[in-house]
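Hello,

Here is the structure I promised to pass on. Have a look at it first, and then read my notes below.

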Protein chains: 2
Amino acid sequence: MADNKEKQKKAVGNEKMLAQKETNFADWYTQTIVRSEMIDYYDISGCYILRPWSYSIWEQIQKYIDTRIKKLGVENYYFPLFVSQKALQQEKDHIEGFAPEVAWVTKSGSSDLVQPIAIRPTSETIMYPLFAKWIRSHRDLPYKVNQWVNVVRWEFKQPTPFLRSREFLWQEGHTAFATLEEAAKEVEDILNLYASVYEDLLAVPVVKGRKTENEKFPGGYYTTTVEAFVPASGKGIQGATSHCLGQNFAQMFNINFENEKKEKAMVWQNSWGLTTRTIGVMIMVHGDDRGLVLPPRVAPIQAVLVPIPYKDKDNEGLFKRAQELADQLEAAGVRIHFDDREGYTPGNKYNHWELKGVPLRIDFGPKDFEENNVVFVRRVDKSKTVVAQADIVSQVQSALEDIQKTMLEKARRERDSHIKNITEWKQLVPELDNRNIVMAPWCQDKECEEQIKKRSTIEAAAAATASKKKKRGGRGKKEEEKKEGEKKEGEGEKKEEEKKEEKKEEEKKEVNKDGTDNENKEETFEPLSSGAKSLCLPYQQPEGIEGKKCIGCEKEAKIWCLFGRSY
Amino acid sequence: MADNKEKQKKAVGNEKMLAQKETNFADWYTQTIVRSEMIDYYDISGCYILRPWSYSIWEQIQKYIDTRIKKLGVENYYFPLFVSQKALQQEKDHIEGFAPEVAWVTKSGSSDLVQPIAIRPTSETIMYPLFAKWIRSHRDLPYKVNQWVNVVRWEFKQPTPFLRSREFLWQEGHTAFATLEEAAKEVEDILNLYASVYEDLLAVPVVKGRKTENEKFPGGYYTTTVEAFVPASGKGIQGATSHCLGQNFAQMFNINFENEKKEKAMVWQNSWGLTTRTIGVMIMVHGDDRGLVLPPRVAPIQAVLVPIPYKDKDNEGLFKRAQELADQLEAAGVRIHFDDREGYTPGNKYNHWELKGVPLRIDFGPKDFEENNVVFVRRVDKSKTVVAQADIVSQVQSALEDIQKTMLEKARRERDSHIKNITEWKQLVPELDNRNIVMAPWCQDKECEEQIKKRSTIEAAAAATASKKKKRGGRGKKEEEKKEGEKKEGEGEKKEEEKKEEKKEEEKKEVNKDGTDNENKEETFEPLSSGAKSLCLPYQQPEGIEGKKCIGCEKEAKIWCLFGRSY
């Protein structure tokens, strides 16, 4: 286990200031989640502590999904954490997909177990032997199971809090139907629910689409996905997936039923999951240089009331009135906090709540007290409004709704400006390097997809090296940055990212000198020189695929595919 | 892994009838939980599947506790499933208490981990290094953490669904205070909450008390407990515990703070937990030979409406009216189910819902339809009442309240009749054998407690052997049972239990012949010949301890202690 002191030190950074999101995204992210008290680090790499400021957001997401899936007839179960080797290996493609990441329990106390037992990386192979037992007749269908649990995937990619951790929380739905049509309909219902979690709750726009054959769920039939985008890194990120499993698992686990004609038939299955990753995406999309920016619908505190006391006068009346206003808001169901702490200036309090991303601040000073007003300050755009106390409840409610809407619109505008339609190979890597993802015509061939990944990786690496060389031979840093700043959007930041990469490489060398276990070395971001992966085949296709050539192999294109760097 | 087919076969038993609770409690329990669809067995011993019929009860319990602890200022976190060896071993008594049951992860994929990692058996050693970091000042106190998680204790005692499983679900609260007084107050607040979960939600009476030094939480200062009782086995069962940890962990993990005088001080800590065991206790206490009997406050379905159709007449009107009544009840917040399935007789439906323990059945036949009535049939006492349709909502609501009350009173009467105050050693084992637990004067000495356990175990074993011999030399079974039945309550069942024990011993031999892994052999009940353990030192003490002698060592008694066989 690596000692976590170093990580913590880096995470906390300068007490007063966060790293800048645009120029040092990795440190910004770590500092923001630690200092806003969302996350703490732990002495096992890839495991993190979710503190109430993030866990309560997970509770909001749980409530949102749980209510809605129960209406669809899904019921909650709890299946064991452990899976026997035999069951885990029953579906071949499935186990191939998960095997390298499976954590194995081999001892209890000081005794060896007779057989090692796996910790669930997902629960298909845990649940389906039971499905085979429970499902007998068409009257048992559809069969709809969900559970809210922890799962473990011992990944060796760099862990990142929320986005990629070795243990994470999720819900996993597992359902069985008599027909493919019913299964396919549910796949879409759930995909829409996931899109709604992102867009309506977290104010994060997503692209709905289907995964390519290479990227689909191991052992499944097809996978649908909602893909989000992180402008600061220019990377796509898989938001949540809804899989149609077809009949592969049914065949392996003998999940049969007697249909209405009294014939033996095989079920069609789905599985679908949404994880705590959602919270990380939300943070990355909305946060700014002052810290978190939380959407009102999930913010643990939606509005904070900050009293600004008289300097040389009794404040009893002012505080009493502030308390009354807070009580009114609480009674109306607003998650309000009255920050009446002593020993902190209003300025301290502003910084504190900005860091924590509270959507609405309500300032209440002597002038407001005397004139029966309050002042609203919105976290998302710093805008200020004077509001009459008499209207406070309705005004807070509509401000929160408006902030939610504003956040989604802002994120959508930004995301849209980073999706580029391209038709030629030579555009690909430059667009990635401009922190964009691309929509490109594609032939839908597996081999071609792999070639696109490989070729773009090589070209990106070459471009990065060339750019470094140019920089080394060139001008002073200040001058360079200034000139770069005048170029088109994104270029300046690219240079910064490169610097960061160099710094990281140096750090890596130092770490290795210390003999520290590489497994436990954390980086929030992969090298910028990584290539393009297919993110999804978007449902909403640009017009005119006819006659276009595939961006990879130049054969006839069949579909527009979203490619990009990704988490 | 043992094959679970045999277990399942035994669990399902005769399709039509359950084993009898009084004469074959072990099979009754297994059959009841499987056939009511609360539990299913799994191919890893000690792990079970919670199906919606039990999991939704857990959700009710979660909601009840979660709302109340949040009002006490407790916040939900999520800490990792894994704990490093180093952290786990930091508090010596604590690790000694848990070490033999800890499950260790030693591999990921096909690689060995550098250090084995433990799966949490409880989270003191996971959380407290973070407490040391988070708690700085008296202003940070009290610090109140809770999490709802799975934990793993790889016990080698016989596993029993809900009561003792290798993985279980619980909440664990962990709190830190500036003073012992505040900590002690919270210990009691939580103990009262736990008592309320049992009594007010699950209708199970409990005895509140303190654990002896031998039985307290490893590494803690003192442990309080709510102890329940299972009349059918005559055993006590620990319901939930609320521990004051004192400053032991604070010392080991350096959890200090600056007090109001700017001095360094050490926190006082508590931890407290309630598990899915609650559900098993509820089943054992209330169930009867027809299956589950669920308390209305947690029943997934509180009332089921069963239509009894005309034999030779159109039933459209009757079904339509039944649906209207169900809709009215649903709108009023009753968890009502209208069982309009075709192809099942009303008798089939009665049996089905009785097995599942639905508190109230509402029969609705031709006569009721014509006379604007319905008929209530209460699960707990089979009582029938004719109720006017006009009053259905208020009548269902008051019936549910009354059933809840009746169940608690009934369980309390039964429990009370099984708690015997004794003052002499010779009364102890006979009372245990009468399926009682005893309140006895005790000296509060550790050694004496261990002696009581040992001596009573030996005497109980001798009594069991003597009783077997007597039976072997004696009368025919039928006659014996009849005569025993005339003797005082409990005696007759004792003989039955002994027969069961003999049968089990035979089964055990067979299993061993097969070479089956003993680890995976499940039994719901320990041998009846087990001795007496201290259950708790009840808060509510009988009068007159002065001048009494300790039941064990005959020295001066200091306190009344509850002793009994226990799970």
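**What I found**

Of the 567 residues in chain A, 60% count as buried, meaning under 20% relative accessible area, while exposed means over 50% and partly exposed lies in between (1.4 Å probe, protein chains only). Please keep in mind that this is a predicted model, in which local features need pLDDT of at least 70 and side-chain atom pairs count only at pLDDT 80 or more, while totals for chains, interfaces and linings use all residues. Residues are numbered from 1 along each chain as its sequence is written, chains are lettered from A and ligands numbered from 1 in the order in which they are written, and side-chain values use heavy atoms, with hydrogens and water left out.

Chain A has 17 helices and 23 strands; these are DSSP runs numbered from the N terminus (helices H or I, at least four residues; strands E, at least two). Among contacts in chain A with a separation of 6 or more, 70% are between residues 24 or more positions apart, where contact means heavy atoms within 4.5 Å.

One helix pair is worth a look. In chain A, helix α10 (residues 316–331) packs against helix α13 (residues 392–417) at an angle of about 60°, and their axes are 9 Å apart. The axes are lines fitted to C-alpha atoms, for helices over the stretch in contact, and angles run from 0 to 180 degrees between N-to-C directions. α10(A) and α13(A) are therefore oblique to each other (under 35 degrees is roughly parallel, over 145 roughly antiparallel, 65 to 115 roughly perpendicular, and the rest oblique). A:Leu325, A:Gln328 and A:Leu329 of α10(A) make the contact with A:Ile392, A:Val393 and A:Val396 of α13(A).

Now for the backbone. Most residues other than glycine have a negative phi, and most peptide bonds are trans. A cis peptide bond joins A:Leu141 and A:Pro142, with omega about -10°, and A:Pro142 sits in the loop between α6 (124–134) and β7 (143–152) of chain A. In chain B, the bond from B:Leu141 to B:Pro142 is cis, with omega near -10°.

B:Gln444 has a positive phi of about 70°; B:Gln444 is in the loop between β21 and α15 (446–472) of chain B and counts as partly exposed, at 40% relative accessibility.

Best wishes
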